[in-house]
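Welcome, and please take a look at the sequence and the model below.

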Amino acid sequence: MQQSDRISILCVDDEPLFLDSFVQILGRQPGFSITSASTVGEALDLINIQFFDVIISDYSMPDMDGLAMLQEIRARGCQSLFIVITAKRLAHIAIDALNCGADYYFQKGADTGNEIKKLVEFIRKSVPERHAEHEIAEWERFYQSVVENQADLIFRINPEGTISYVNEAGVHFFKKTYDELQGDNFFSRIPDADRSLVLLRLQNISAIKPDLLLEHRISSGDNKQVPLLWSYRGFFTTQGAVTEYQVSGRDTAAVIRIGTPDPVKSAAPVSAPQAPAAAPPVPEEADWKGLVETIQSLDNPVFAVDKGGVIIAWNKGLEELTGVPASAIVGKGNREYAVPFYGKPVPMLIDQILSLAGKPGVTAPQGIKKVGDTYIGDVEHVSIRGKPMLLWGKGSPVYDAKGTLIAAIEAITVGEPHQAADQEEYLGGISSITLKVSGEGIGGAIAGAIGSSTGGYGVYATSRRLFVIRNADLNAENSQGVQFSTFMMDELFGTTVDTRQKPVKDLEKLKIYVAEKGDITRIELKKPVLLSGFLTITTKDGSSFRVYIDHKKAFTHIEQLMKSFSPENLKIE
């Protein structure tokens, strides 16, 4: 065995007979190198000049007890395994030893032989682990020093943009302290005109292709919009969901490409910074192409209008719902989109979106909620193809690259109104990877609350029952990257969702929980803020079932559904 592979042990005890015997027993173990000391002072001198993997010390010694010695060497930065030996059978000694940072407690006595076997096993297991911890700690210190000395801005952010780490360059750029930036939102510092495109591009990151390189502007601490080259790298769960981004930004103003006579860009004087070159104008028709194609690919009923209220997209989902083909309605204005629902051209949610977009000081009228850039309407009673239905809409404005409002989109969700007691009609529902069900007990509740459980569940309601299902269509492991159509629904509802109507027989097949409406005594909804929100269903027998909700938009959809299902039992925190 090489010298570097040997485990070095220092034994300290003021009883010569025990010390000699103990050293001989440990010395017979393969790979152990033993040094002894009869006083704490002698041991400290040895520790000053030599590193020991393990220090074994008697608890009671005349010049200094073992715990005082432990505190002394820890104060010096020594991280060796420390083992306390004592012949006293006092519980407080063991407790004090472990509280002071000892790694093991050894009891002298009649069964010393068996205790030594356990001690040897502990040493052989723990020393390599301690070495590995030290190597990781050293690497982290090295990595930290590299990161902190980078001129690049480096951030760690969650999928919502909340900053969990920023390096010194980032602190200097934003002119805020590290603590002030913790919890701040990175995306909010990107100008509106750039932000929507950045978020769109990020949706195409996947575990297979986790990296993205973009050039976009960001607002500095001086409130200047500075163009930087940004590298985004996604980190993913085993199911393929993004958990975090590492983002680094670099100023490329003075980059010189080898092999060309001139810099790629000339460095601008500090007193007169150069404005970024304007992007070439894009024909107006090009703005519609991607938007219309996306809306057509969605399963959910969705339509879009330009800023003048003229219908530019009416997808297949709406054709099937209303019986109105796109060819008969696209290009029409004067609120013709309302006729299939209300029987006449009246204002809908999409009109409010066009009116409110770009006016941050204007409050949305009663019955409309605003979550981020998404607007959510209240449940309304409508008639579709002569059949009474419940309708609620969700929508958002659409901007071009310059931040100019060019359109608005609205997604329609429908459900059946309450029926007679002998009928069961579908009301609505949503499945999402942000809806999670944890195990029972406190551990399961904590797991769900911090968002560590696997998602892909759904909440659905009929006129009689409330269902929680496992939705096999939301298997994140099958994801090969998120397409623009998914991104659109993510923006409206919150992460990957399924809001398609499901037959009651399918709900029966997929259910993991069901409760009769008449048995439900309480429905409690808590909005996600720092931790996950939740839906708790309590029944007459005192039992309850909880679904965790990680996204505010999914929460809003469930809130509307519960208001339709059982408003008398609903409590919202």
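A residue is called buried under 20% relative accessible area, exposed over 50%, and partly exposed in between (1.4 Å probe, protein chains only). Lys125, for instance, is exposed, with a relative accessible area of 53%. You are looking at a predicted model, in which local features need pLDDT of at least 70 and side-chain atom pairs count only at pLDDT 80 or more, while totals for chains, interfaces and linings use all residues. Residues are numbered from 1 along each chain as its sequence is written, and side-chain values use heavy atoms, with hydrogens and water left out.

**Salt bridges**

- A salt bridge here is a side-chain nitrogen of Lys or Arg within 4 Å of a carboxyl oxygen of Asp or Glu, and the count comes to 19 salt bridges.
- One of them joins the side chains of Lys125 and Glu129, at 3.1 Å from N to O.
- Both residues belong to helix H5 (residues 112–148), four residues apart, about one turn of the helix; helices (H or I, at least four residues) and strands (E, at least two) are DSSP runs, numbered from the N terminus.
- Glu129 is partly exposed, at 37% relative accessibility.
- Arg335 and Asp351 also meet in a salt bridge, at 3.4 Å from N to O.
- Arg335 sits in the loop between helix H11 (326–329) and helix H12 (339–342), and Asp351 in helix H13 (residues 349–356), so this pair ties together parts that are 16 residues apart in sequence.
- Asp351 is buried, with a relative accessible area of 16%, whereas Arg335 is partly exposed at 35%.
- Glu508 and Lys511 form a further salt bridge, 3.2 Å from N to O.
- Salt bridges with shared partners join Arg74, Asp103 and Arg130 into one network.

**An open sheet and its helix**

- Five strands make up an open sheet in the order E7-E6-E10-E9-E8, with antiparallel pairing; two strands pair if DSSP finds at least two bridges between them.
- At the edges are strand E7 (163–166) and strand E8 (211–219), each of which pairs on one side only.
- Helix H8 (residues 192–202) packs on the sheet and touches E8, E9 and strand E10 (242–250), where contact means heavy atoms within 4.5 Å.
- The direction of H8 makes about 165° with that of E8; axes are lines fitted to C-alpha atoms, for helices over the stretch in contact, and angles run from 0 to 180 degrees between N-to-C directions.
- E8 pairs with strand E9 (residues 225–236) in the antiparallel sense over nine bridges, and Leu213 has Ser231 in E9 as its bridge partner.

**Aromatic rings**

- Rings of Phe, Tyr and Trp (its six-membered ring) pair if their centres lie within 6.5 Å; planes under 30 degrees apart count as stacked, over 60 as edge-to-face and the rest as tilted.
- The count comes to 14 aromatic pairs, among them the tilted pair of Phe22 and Phe106, at 5.7 Å centre to centre with 55° between the planes.
- Phe22 lies in helix H1 (residues 16–27) and Phe106 in strand E5 (residues 104–107), so the pair ties together parts that are 84 residues apart in sequence.
- Phe22 is buried at 3% relative accessible area, and Phe106 is buried at 0%.
- Phe173 and Phe174 are edge-to-face because their ring centres are 5.2 Å apart and their planes are at 75°.
- Phe155, Phe173, Phe174, Phe186, Phe187 and Trp230 form one aromatic cluster.
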